[in-house]
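Reader: I am new to this structure and would like to go through it with you. Could we begin with the helices and then turn to the aromatic rings?

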Amino acid sequence: MAFFEFDVQRAPRKAYSGMALILAALIIFPFVAAQFGNSWVRIIDIALLYIMLALGLNIVVGFAGLLDLGYIAFYAVGAYMTALLASPQFATLLESLINGYPALGQFMVDVLGPEIRENGIHLSVWLIVPLAAALAAVFGALLGAPTLKLRGDYLAIVTLGFGEIIRIFMNNLNEPINFTNGPQGINLIDPIRVFGVSLAGEAGSRATVVVGGFSMPSVNAYYFLFLLLCIAIVFVTTRLQHSRLGRAWVAIREDEIAAKAMGINTRNLKLLAFSMGASFGGVAGALFASFQGFVSPESFSLTESIAVLAMVVLGGIGHIPGVILGGVILAALPEVLRHTVEPAQNALFGHVVIEAEVLRQLLYGLAMVVIMLYRPSGLWPAPKTEDRPEFDADKPSPPTGVMAA
């Protein structure tokens, strides 16, 4: 990875050249990949959503050093908020309210209008996205508040439990008021619209988006939107990393007691790390719901949390380019295996010996073991840019052969 250098302060020319080269490749990619089928572009669409999640988790794990195994819960919060406010599900919710609590249900009808009883609420996704980020940030603070004094394994267990609680709530919150439609999930979620143009394509267009006379597949339109949002998140996280706030998070990660002794408010900064990381998860969840058009509790299992954490660890904890690399590798790996491993086994043995899903889990575990043994800092670790002394400051400095004046 030495070819790519993104340190703008130390090597600006090389950094900007590398960024321009990567951006050009990303812009060209969907047009080249479409020659082999739209499924490859869709794979990268999902990978971009996972990169957003990994960058958000990197704030918590990479910058602040707080192990979070329930991060997928914030993804679920954003997805279900979008499903409730951009689909007919709100009409089902209102019906259960009227049946169970007539006064409250009628009040909502009077405030929001009688048409919501038939169609539900269909807010713009661009209004829902900031709401999803804000709600996920609130949930992040709720998770962080009782865990301020926990570290290591204890923090991991609590966050794991939080993620499972959210998933179980989503799976059972269909009685007595039907918020989530239970295990059946919520469908018919509105697609994303940009300046009135549906990125899913209009009815009868065969998922083709037409903009100014230029047409492209729906997956390509979503690709460019997700890519733009990923670039924005990378910019925000980079600015955070090099800000006073980011340096305070790193101080907490390295030695919380020393950071507190230096006057850093570790309590507030931990809560802020949980909230800011969660907000990125909420944004990714809102985009995922609109992209898929359907959400269900199975999409937010513990396995997904472990996968996002694996992206951060595999790529390089605390290093933004490394996290992106880990996200691309692990998000695209299952689909690549599905397209290559099973056909290869059919060609060699006449049948499938190991299914792609089983092989994916095997490779996850093997990759983690190998990385921890041989590259504990990840595939693309952060460069050592801090000036550290070559010797212990408490010991006499090594002789230089020059007598002091």
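Predicted model: local features only at pLDDT ≥ 70, side-chain atom pairs only at ≥ 80, totals over all residues.

Reader: How many residues does helix α13 have, and how far does it reach?

Author: Helix α13 covers residues 302-315, which is 14 residues. From its first C-alpha to its last it reaches 20 Å, close to the 20 Å expected at 1.5 Å a residue.

Reader: Is α13 largely enclosed or largely open?

Author: Eleven of its 14 residues are buried, so α13 is largely enclosed by the rest of the structure. Among the buried residues are E304, S305, A307 and V308.

Reader: What covers those buried residues of α13?

Author: The cover includes α2 (38-63), α3 (72-85), α14 (320-349) and α15 (356-374).

Reader: And which residue follows α13?

Author: G316 follows α13, and its phi is positive, near 145°.

Reader: Let us move to α8. Which of its residues are buried?

Author: Helix α8 spans residues 152-172 and has 21 residues. Its buried residues are L155, A156, T159, F162, G163, I166 and M170. They cover an arc of only 125° around the axis, which puts them on the same side of α8.

Reader: What do they pack against, and which residues are exposed on the other side?

Author: The buried residues of α8 pack against α3, α7 (125-144) and α12. On the other side of α8, D153, Y154 and I157 are exposed.

Reader: Now the rings. How many aromatic pairs does the structure hold?

Author: The structure holds twelve aromatic pairs. In one of them, Y75 and F288, the ring centres are 5.3 Å apart and the planes stand at 40°, so the pair is tilted.

Reader: Where in the chain are Y75 and F288?

Author: Y75 is in helix α3 and F288 is in helix α12 (residues 266-292), so the pair links distant parts of the chain, 213 residues apart. Y75 and F288 are both buried.

Reader: What kind of pair do F226 and F291 form?

Author: F226 and F291 form an edge-to-face pair, with 5.5 Å centre to centre and 75° between the planes. F226 lies in helix α9 (residues 218-241) and F291 in helix α12, so this pair ties together parts that are 65 residues apart in sequence.

Reader: Are F226 and F291 buried or exposed?

Author: F226 has 0% relative accessibility and counts as buried. F291, at 9% relative accessibility, counts as buried as well.

Reader: Which residues form an aromatic cluster?

Author: F29, F31, Y223 and F224 form one aromatic cluster.

Terms used:
Residues numbered from 1 in each chain as written. Heavy atoms only, no water. Helix = DSSP H or I, 4+ residues; strand = E, 2+ residues; numbered from the N terminus. Expected span 1.5 Å × (residues − 1). Buried < 20%, exposed > 50% of the residue type's maximum accessible area, 1.4 Å probe, protein only. Contact = heavy atoms within 4.5 Å. Phe/Tyr/Trp six-rings, centres within 6.5 Å; stacked < 30°, edge-to-face > 60°. Arc of directions from axis to C-beta.
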